[in-house]
Amino acid sequence: MTDNVKLANLLFPDIDKTPDYYEELFPQRDLKEGARVTRFAPSPTGFLHFGNLFTCIVAYTTAKSTNGVFYVRVEDTDQKRKVDGAISSMLKSLSVYGVVADEGVIGENEEKGAYGPYYQSKRKEIYQTYAKSLVEQGLAYPCFCSAEDLEELRAKQENEDIKGYYGKYAKCRDLSYEEIEKNINDGKSWTLRLKSMGDINKKCYFDDAIKGKIEMPENVIDVVLLKTDGIPTYHFAHAVDDHLMRTTHVFRGDEWIASVPLHLQLFKVLGFKPVKYAHVAPIMKEENGGKRKLSKRKDPEAAVTFYAQEGYPKESVNEYIMTIANSNFEDWRRANKDADIDKFPFSPKKMSVSGALFDIAKLTDVSKNVISTMDKNKVFSLSYEWAKEFNPQLASLYEKDKDYATAVLNIDRENKKPRKDIAKWSDIPDYISYMYNETFVPCYDLTGNATPELAVKVLELYKDKVDLNDDKDAWFNKIKEICEPVGCTPNVKEFKQNPDAFKGHVGDVSTIIRVALTGRVNTPDLFSITALLGRDEVISRIDKAITHYKEEI
């Protein structure tokens, strides 16, 4: 028996399986050629960041567009940082935007799929099996250096170009079997380190799915693979897991680019085919003429919960994410106005290399367009669900008469050029406030040529003409009929040609009525508003407006 095999048995006496056992247990997936397997691998330490959602949607879209698999793996080896409920919260946030895993962790301590367990904390034996194999091959060794030893090492390397545990600084790298056995018998704790075969003078090359070809120095550091408690580091665990779960593409933040030489080296020593890495640049935000990363601390929109609270529909957020994910999405959308977003031919190669720019104004514009295409029933149902959680007053207004609420939301909606007033459900309470007595706040400020004197005359005449049996043409003709008696013209063009001859035009007359009924100078279709308010409410609001304007005169 070689010393390496003896050492492996010394370090891992309870490990009786081999890598071949797991290779057989987790075979290659039966997928069509070109199908991609991607994953979301969060730590259970907090809320879902917008950058996480962005990366997840990109990974999910990549898998789905190739008839592949998207799974969730939880990297919970650091139990001290675990936040209860974090995984459930993240999965719920993802599901809101249509990202639902095919397999993996689907709830707190709930899994499905044939490649688990999907919690790293449950995979300790798997990692140690591969670690034992590396020791048997002379590719890993135990390190007994204390925290003080490592601090002393860092001090010695202050002026070195490369810092870390390597070469002449790797104090435990060449310990004999007897020295190691004595240390263990003496009760010394140990970590397991990679015996790096990297060359300080050589480069490694890889083709990033987003950034293209990248050249970096080889890894020469003997990194820790297993900590003193036998739990793997992220580097080692992710290589084993991505291989055994048959991952093909890993989408992750570009802060991980520096680790690629190490990760490729781990795949090589483990005998695995490397995954394809796609490093996603951080979401940026403009500030003071420059750019910075979207910040959890500074920006409320960094938390995915922000979009639910504000009431942005998932369709709007997904549409917006695609506009910043792929440079050709907007051209595709213009050419395919009614197509399902899933039909878009997403490509990682068309992602921003330097970082997509987050723009809340752009999201608002995108969302206005999305909501404008929804029918009345969808707008009502989605905004009602939002209101029940975030705006009980709006929910109670809806519940008084759901048909009325739906009709209010349908004003100027289902036509060739729908209005685009609503960007998010939280806009609705103000948008429809004048349609309910409970929320209507009168405002009698006039614009254009309208004056209090003209307003009194117009409203007194209009009051006698209100008839809810009129169709739209008859209603508008009555407004035109009011013009001449009050000194206005029903013809705007005529007014422009000779403004001194009139007190106003039909637009001013309409504005006076609009202000009296809604408190606003700009609203959707006034005829529809009048019909829904009903005769009694229309007359009541006109009377109050007349009283107000008389007091002003």
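Student: Which way do α18 and α23 run relative to each other, roughly parallel or roughly antiparallel?

Tutor: Start with the angle between the N-to-C directions, where anything over 145 degrees counts as roughly antiparallel. In this predicted model, the axes of α18 (residues 452-463) and α23 (residues 535-552) cross at roughly 155°, so the two helices are roughly antiparallel to each other. Their axes come within 9 Å, and the crossing is left-handed.

Student: Which residues in α18 and α23 meet?

Tutor: From α18, the contact takes in P452, A455, V456, L459, E460, Y462 and K463. Facing them in α23 are R535, I539, I542, D543, A545, I546, Y549, K550 and E552. Sorted by class, the residues of this contact are 10 nonpolar and six charged, with no polar ones.

Student: What lines the largest cavity?

Tutor: Its lining consists of K368, I371, S372, I411, D412, R413, P418, R419, D421, I422 and Y431. Helix α13 (residues 360-372) supplies the largest share of that lining, three residues. By class, the lining of the largest cavity has five nonpolar, five charged and one polar.

Student: And which classes line the second largest cavity?

Tutor: Six of its lining residues are nonpolar and two are polar, with no charged residues. You can find them in the model as F54, V280, A281, I324, M351, S352, G355 and A356.

Student: Let's turn to the backbone. Where is there a cis peptide bond?

Tutor: The general idea is that most peptide bonds are trans. In this model, a cis bond joins G116 and P117, with omega of about 5°. P117 sits in the loop between β4 (110-112) and α5 (124-136).

Student: What is the phi of N67, positive or negative?

Tutor: As background, most residues other than glycine have a negative phi. N67 is not a glycine, yet its phi is positive, about 60°. To locate N67, look in the loop between α3 (50-65) and β2 (69-72).

Conventions: Residues are numbered from 1 along each chain as its sequence is written. This is a predicted model: local features need pLDDT of at least 70, side-chain atom pairs count only at pLDDT 80 or more; totals for chains, interfaces and linings use all residues. Side-chain values use heavy atoms; hydrogens and water are left out. Axes are lines fitted to C-alpha atoms, for helices over the stretch in contact, and angles run from 0 to 180 degrees between N-to-C directions. Helices (H or I, at least four residues) and strands (E, at least two) are DSSP runs, numbered from the N terminus. Angles under 35 degrees count as roughly parallel, over 145 as roughly antiparallel, 65 to 115 as roughly perpendicular and the rest as oblique. A crossing is left-handed if the near helix is turned anticlockwise from the far one by less than a right angle, and right-handed if clockwise. Contact means heavy atoms within 4.5 Å. Ala, Val, Leu, Ile, Met, Phe, Trp, Tyr, Cys and Pro count as nonpolar, Asp, Glu, Lys and Arg as charged, and the others, Gly among them, as polar. On a 1 Å grid over the protein atoms alone, a cavity is a set of points where a 1.4 Å probe fits but cannot get out, and a pocket is an open set with protein on both sides within 12 Å along at least five of seven lines; lining residues have an atom within 4 Å of a point.
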